[in-house]
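Please read the following report alongside the sequence and the model.

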Amino acid sequence: MIYSYGLYGSNNRPYEDYYLNCGFRSVYSKQRTKTKPTRKEVDKLDLVNQLWENVKSDLKNNTSETIYSVWFSELALDTFGGDSVVLTDDPFRCKIINEKFIPLLEESFERVMGFRVVVTVTPKQEKQKPQEPVTYSTNELYTPAANECTFENFIVGNSNKFAHAAALSVASDPGNTYNPLFIYGNSGLGKTHLLNAICNEILKNNPDAYIIYVRSEDFMNELIDYLQNKKDTSVFHNKYRNADVLLVDDVQFIAGKPSTELEFFHTFDTLIKAKAQIVLTSDRPPKEMATLEERLRGRFESGLIADIQPPDLETRVAIINCKAESLGISITQSLVLFIAEKIKNNIRQLEGAVKNMKAYMDIGEPMNLATAQKAIRDIFSEGDPTPVLIDRIIDEVARTYGVTVAEIKGKKHDAKIVLPRHVAMYLIRENTPLTNKKVAELFGLSDHSSVMYAYRRISTEKENNYSLKTILADITKNVTES
């Protein structure tokens with residue numbers, strides 16, 4: 001069996017959240033109280049829910065199965081105000097629905113209600129991750145999404161082959177090869193995929209294995225809950241210290257938290273002595289966790305440390321092709337190369353671009369460069385907007401080199417200014433969809449040849465200058481994960 005803690009929480013919520021959890025917030029429920037809803041309010045709730053179900057049925061009858069499944073199946077009713085309706089969905093679908101499908105939605109409401117309403121679709125608010133741990137069985141934890149993460153569909157390249165080999169070795173013989181296994185790398189490079197692959201492989205070989213997979217923040221929150229509410233901590237100890245395999249994601253978050261570090265130290269020692277397997281992931285190696293207790297740092301470094309770097313071009317191409325195949329679409333190699341050249345540092349973004357391509361193709365968009373550009377633009381807009389990311393890059397470069405933003409954007413050609421300016425140009429080209437010409441305009445240049453020179457210069461120098469390579473990696477990490 002396998003347990004996962006801190007992923008989902010209890011369904012016991014106060015009545016003030018009752019309407020929101022039912023999928024909409026109506027005009028008559030904005031003044032929320034902690035009292036039980038009246039019979040009249042419940043009747044109104046049922047009525048509006050039924051209206052929304054009727055609209056969805058109408059949409060099904062008046063669109064193709066593919067259109068409904070892709071664009072309308074996940075819509076939720078948020079606010080109903082008589083002559084106006086607010087629906088919610090994820091940011092990507094919201095954008096397309098507002099561009100293409102608002103008339104269709106308004107017509108459907110009119111057919112059901114008999115009069116016209118104004119429909120708006122807005123991004124849904126992310127639910128806060130609950131802190132209350134819940135125990136799950138093997139089948140409940142590994143949903144189809146989790147089962148996608150196996151060694152068979154992990155794309156191996158020069159950037160990750162060492163970490164992949166170490167993870168596979170641990171999964172084949174847990175507790176007897178590399179213990180602990182410590183995998184580190186930036187967000188979106190496949191660390192969590194490897195953790196899930198290890199779980200799946202061990203369970204395939206030993207269905208009775210007792211595996212705990214937990215994020216370090218959830219471990220900490222659960223411990224705090226036990227201490228604050230004076231629960232029996234022996235229950236907490238027994239749960240973690242009797243595991244056959246303990247996998248902890250983002251272990252860097254326990255650094256500098258004395259009570260959590262102490263508890264994790266004793267859990268770690270107990271499991272190692274029992275020859276239980278421990279696998280840890282982090283965004284940095286133990287030596288760079290400045291506030292981590294020294295004895296824990298020593299434990300983390302006592303096994304095997306493997307890093308994952310951003311994928312090279314060949315690996316990015318393979319990832320795109322694999323994701324396209326899994327989604328049942330075929331993307332021309334010229335477009336695959338275009339996407340791979342634009343998104344270089346994050347596998348999740350690569351796969352997200354392919355998903356966006358499929359979504360556009362499902363509504364009849366052609367497979368061409370314009371569609372690929374839109375798919376990539378959506379990826380960037382779902383994270384930091386490009387202007388915000390550019391400002392962060394220039395600010396971080398200025399801070400790193402001890403110069404001002406005005407100096408980087410200015411015309412001076414002092415040696416101490418030219419290098420950070422070239423670094424800023426290089427990082428903007430690497431991390432945003434801006435062209436050389438657009439970057440030149442950003443720096444007030446009439447000719448983009450200076451940007452091309454800066455990009456070539458930094459690209460060449462970083463290969464032979466470890467210090468510069470480290471600075472580039474640190475700046476990229478700071479601006480993309482802040």
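## Cysteines and the basis of the model

The structure holds 0 disulfides, a disulfide being a pair of cysteine sulfur atoms within 2.5 Å. The model is predicted, so that local features need pLDDT of at least 70 and side-chain atom pairs count only at pLDDT 80 or more, while totals for chains, interfaces and linings use all residues. Residues are numbered from 1 along each chain as its sequence is written, and side-chain values use heavy atoms, with hydrogens and water left out.

Cys 94 is buried, at a relative accessible area of 3%, whereas Cys 322 is partly exposed, at 28%.

## Overall make-up

The chain contains 23 helices and 9 strands, where helices (H or I, at least four residues) and strands (E, at least two) are DSSP runs numbered from the N terminus. Of the 482 residues in the chain, 46% are buried.

Contact here means heavy atoms within 4.5 Å. Among the contacts between residues at least 6 apart in sequence, 69% join residues that are at least 24 apart.

## Salt bridges

Side chains of opposite charge can pair when their charged atoms come close. The count comes to 22 salt bridges, a salt bridge being a side-chain nitrogen of Lys or Arg within 4 Å of a carboxyl oxygen of Asp or Glu. One of them joins the side chains of Glu 365 and Lys 100, with an N to O distance of 3.3 Å. Because Glu 365 lies in the loop between α16 (347-362) and α17 (369-382) and Lys 100 lies in helix α4 (residues 91-100), this pair ties together parts that are 265 residues apart in sequence. Glu 365 is buried at 18% relative accessibility, while Lys 100 is partly exposed at 39%. Lys 100 and Glu 365 also belong, together with Lys 374, to a network of salt bridges.

Glu 396 and Arg 399 form a salt bridge at 2.4 Å, N to O, and both residues lie in helix α18 (residues 386-401), where they are 3 residues apart, about one turn of the helix. Within this pair Glu 396 is buried, with a relative accessible area of 12%, but Arg 399 is exposed, with a relative accessible area of 56%. In helix α22 (residues 449-464), Arg 457 and Glu 461 are 4 residues apart, again about one turn of the helix, and their side chains meet in a salt bridge of 3.0 Å, N to O. Arg 457 is partly exposed at 22% relative accessible area, and Glu 461 is partly exposed at 30%.

## Packing of α8 and α9

Two packed helices are described by the angle between their axes and the distance between the axes. The axes of helix α8 (residues 161-172) and helix α9 (residues 191-205) come within 9 Å and cross at roughly 25°; such axes are lines fitted to C-alpha atoms, for helices over the stretch in contact, and the angles run from 0 to 180 degrees between N-to-C directions. The two helices α8 and α9 are therefore roughly parallel to each other, given that angles under 35 degrees count as roughly parallel, over 145 as roughly antiparallel, 65 to 115 as roughly perpendicular and the rest as oblique.

The contact is made by Ala 163, His 164, Ala 167 and Ala 171 on the α8 side, and by Leu 194, Ile 198, Glu 201, Ile 202 and Asn 205 on the α9 side.

## Backbone features in loops

The peptide bond from Asn 179 to Pro 180 is cis, with omega near 0°, and Pro 180 is placed in the loop between α8 and β5 (181-184).

Asp 250, although not a glycine, has a positive phi of about 55°. Asp 250 lies in the loop between β7 (245-249) and α12 (258-273) and is partly exposed, with a relative accessible area of 23%. Lys 275, also a residue other than glycine, has a positive phi near 60°; its place is in the loop between α12 and β8 (277-282), where Lys 275 counts as exposed at 60% relative accessibility.

Technical notes. Buried means under 20% relative accessible area, exposed over 50%, partly exposed in between (1.4 Å probe, protein chains only).
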